[in-house]
Each structure stands twice: as C-alpha cells, then as structure tokens.
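Please read them with the structure open.

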Amino acid sequence: MSLIQKLLIRANRWHFVHSYNTIIARERKKYPGDLERALIGAIGSSGPEDFARQGDLQVDVLRHHGLTDGMAIYDLGCGCGRTAMALQRAGWQGDYTGADIVAPLVAHVKARCPDYRALVHRDLTIAAPDGTQDIVFLWSVFTHLYPEECYLYLRDMHRALKPGGKVIFSFLEFEDPGHHQVFHTRTANFAAKGWSSVLDSFLHRDWIRLWARELGFAEPAFTDGTDARDHGAFWQSLAVLGKPR
Ligand SMILES: C[S@@+](CC[C@H](N)C(=O)[O-])C[C@H]1O[C@@H](n2cnc3c(N)ncnc32)[C@H](O)[C@@H]1O
C-alpha cells in the first residue's frame with residue numbers, strides 16, 4: 001500500500017477529528033484569549049446562556065428516561081462539558097464518564113468538572129468494562145458520523161450496558177422539515193463549492209429499528225424534535241434503545 005493510500009485511510013478513519021479540530025481553530029480565531037467561549041461555539045451553542053439552557057434540557061431528558069443518583073453514565077462525544085456542567089449544577093451524584101475525540105474539549109471537562117472522569121478515545125468503542133453502564137447518551141454525535149460508525153458504537157454500547165440499561169441519542173431525519181433544511185443547505189454548498197464542511201448525517205427510524213433487532217436491543221422509542229410533552233423540545237429527534245434484562 002502506498003503512503004498516499006495509507007494517509008487517505010487514516011484521514012477517512014478520523015474524519016471527525018479533522019472536522020472538529022478545524023472548527024475549534026476557527027472559533028479560537030473568533031474569540032482570541034477566551035478558550036471557553038471558543039469551545040462553546042465549537043460544539044454548536046450560540047453563547048454561554050444557550051450552552052447552559054441546552055445542558056439543562058439534556059439533563060431533563062436524562063431524568064425523564066430514568067436518570068437517578070448513583071447511576072453509572074457514559075457521555076459519548078461529551079464535547080466541552082455541556083451535559084457534565086449541567087449535571088454538576090443540578091447536584092447529580094453518580095459515576096460519570098465523558099469521552100471525546102478532541103483533547104482540548106476533554107481537558108475542559110476535566111478542568112470544570114474535576115469529580116468526573118473524562119478521556120480522549122477514538123476507537124468507535126465505549127471505554128468501559130462489560131455490563132457496567134446504566135445509561136450511554138449522545139447528543140449531536142451520530143449527526144456527524146457515517147451509519148457504519150454509528151452501528152459500531154451501538155454494538156459496543158450493548159456490551160458496556162447493564163441489563164436494563166439504555167442508550168439515548170439524538171439524530172437528524174429527513175422527515176423532519178427543520179432537519180431537512182440542513183440537507184438543503186449542504187446540497188447548496190455541494191452545488192456551489194463541490195463540498196460542505198463538517199459531515200451532517202441523517203438516520204432513518206427504520207434503520208435504527210433494524211439495528212436494534214440485530215444488536216439485541218428492545219424495540220426503540222422515538223421522540224420528535226418538536227415534542228415538548230415530557231421535557232422541552234429538543235429540536236433533534238431522540239431515540240431510546242433498551243438492553244433487555
Ligand atoms: C455537536 S458536538 C456535541 C457535544 C456534546 N455532546 C454536547 O451536547 O455538548 C459533537 C461532539 O461529538 C464529538 N465527536 C465527533 N466525532 C466523534 C466520534 N467519532 N466519537 C466520539 N465523539 C465524537 C465532537 O468532538 C464534539 O465534541
């Protein structure tokens with residue numbers, strides 16, 4: 001295999017690392033000397049208030065799906081700690097692990113939430129022993145991965161979850177008009193420039209149902225992004241996959 005082929009495989013394998021490093025560099029230029037503001041922008045919040053509001057909403061979703069004190073939870077793609085800081089604010093007590101593929105984001109979680117565990121992990125696996133996690137959750141992470149990458153993660157989440165544990169993740173779907181707009185924006189970029197920046201990817205509920213069956217999860221439950229009955233509207237759709245007892 002030539003050096004170029006090897007480099008291409010490496011770049012494709014870690015496309016997400018390249019994307020997020022690029023976004024962080026862009027935000028650091030916008031906010032020189034204010035690392036926290038830059039990281040907040042890099043993970044998609046419009047500012048500190050939005051960051052806190054979204055973190056509180058994420059905790060509400062977790063509580064609605066059974067989060068209690070004493071649980072072991074795994075925040076995949078934890079970013080700079082939007083959920084971790086909200087959990088800390090809410091006084092939640094338990095065993096938190098945050099994992100991300102970008103070192104400065106993980107360093108920020110460690111600095112702001114010293115009682116929580118946070119690590120850099122890039123292997124499309126869950127860095128936890130078998131059957132140890134009550135909830136694995138992912139906000140706006142599968143939205144940036146290929147379906148194959150999502151599947152590999154889900155397969156390993158099943159291993160890491162306790163019987164009765166849950167995966168909760170957000171995703172984009174074509175059927176939602178707001179999400180579809182993301183696709184049209186990307187399409188316009190492809191037409192004008194031949195590319196669009198960080199990957200925004202879409203899943204289909206039927207694929208998630210099929211994957212759940214293949215991987216040994218129970219039938220998934222879904223929440224529309226506009227549904228505000230049980231917690232604030234999340235904008236992205238939500239899927240919950242339970243590991244049978
Ligand atoms: C939109 S941000 C959301 C961050 C966090 N979940 C939150 O809600 O604040 C997406 C995050 O996913 C991380 N990420 C991207 N690809 C990943 C991968 N393959 N595995 C784990 N995390 C990934 C990025 O580094 C980034 O922190």
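1. Serine 237 is buried, because its relative accessibility is 0% and the cut-off for buried is under 20%. Keep in mind that this is a predicted model. Serine 237 belongs to strand 7, which covers residues 237-242.

2. What does serine 237 touch, leaving out residues up to four places away in sequence? The list is Phe169, Ser170, Phe171, Glu173, His179, Arg205, Thr223 and Gly225. With glutamate 173 there is also a polar contact: the two side chains meet at 2.6 Å. For a distance check, take histidine 204, which is 33 residues from serine 237 along the chain. The C-alpha atoms of this pair are 10 Å apart.

3. Next, the ligand. The ligand sits in the largest pocket, with 19 residues around it. The closest of these are Gly77, Arg82, Asp100, Trp139 and Tyr153.

4. On its own the ligand has 590 Å² of accessible area, and the protein covers 98% of that.

5. Arginine 82 leads on to helix 5, residues 82-89. Six of the eight residues in helix 5 are buried, and the helix is mostly covered. The buried ones are Arg82, Thr83, Ala84, Met85, Ala86 and Leu87. Their cover includes helix 3, helix 4, helix 6 (103-112), strand 1, strand 2 (95-100) and strand 4 (133-138). After helix 5 comes glycine 91, with a positive phi near 80°.

6. Why is helix 3 described as largely enclosed? Six of the eight residues in helix 3 (residues 35-42) are buried, so the rest of the structure largely encloses this helix. Those buried are Arg37, Ala38, Leu39, Ile40, Gly41 and Ala42. Among the elements covering them are helix 2 (15-30), helix 4 and helix 6. Glycine 44 follows helix 3, and its phi is positive, near 100°.

7. Where is histidine 65 placed? It lies in the loop between helix 4 (48-64) and strand 1 (72-76). Histidine 65 is buried, because its relative accessible area is 15% and buried means under 20%. Apart from neighbours within four places in sequence, histidine 65 is in contact with Lys166, Ile168 and Val240.

8. Is tyrosine 146 buried or partly exposed? Tyrosine 146 is partly exposed, because its relative accessible area is 34%, between the 20% and 50% cut-offs. Tyrosine 146 sits in the loop between strand 4 and helix 7 (147-160). Phenylalanine 202 is 56 residues from tyrosine 146 in sequence, yet their C-alpha atoms are 8.7 Å apart in space.

How values were computed: Residues numbered from 1 in each chain as written. Predicted model: local features only at pLDDT ≥ 70, side-chain atom pairs only at ≥ 80, totals over all residues. Heavy atoms only, no water. Helix = DSSP H or I, 4+ residues; strand = E, 2+ residues; numbered from the N terminus. Buried < 20%, exposed > 50% of the residue type's maximum accessible area, 1.4 Å probe, protein only. Contact = heavy atoms within 4.5 Å. Near = heavy atom within 4 Å. Areas by Shrake-Rupley, 256 points an atom, 1.4 Å probe, with all protein chains shown as cover. 1 Å grid on protein atoms, 1.4 Å probe; cavity = no way out; pocket = protein on both sides within 12 Å on 5 of 7 lines; lining within 4 Å. Sits in = over half its atoms within 2 Å of the grid points. Polar contact = N/O pair within 3.5 Å; in protein donor to acceptor, adjacent residues only side chain to side chain.
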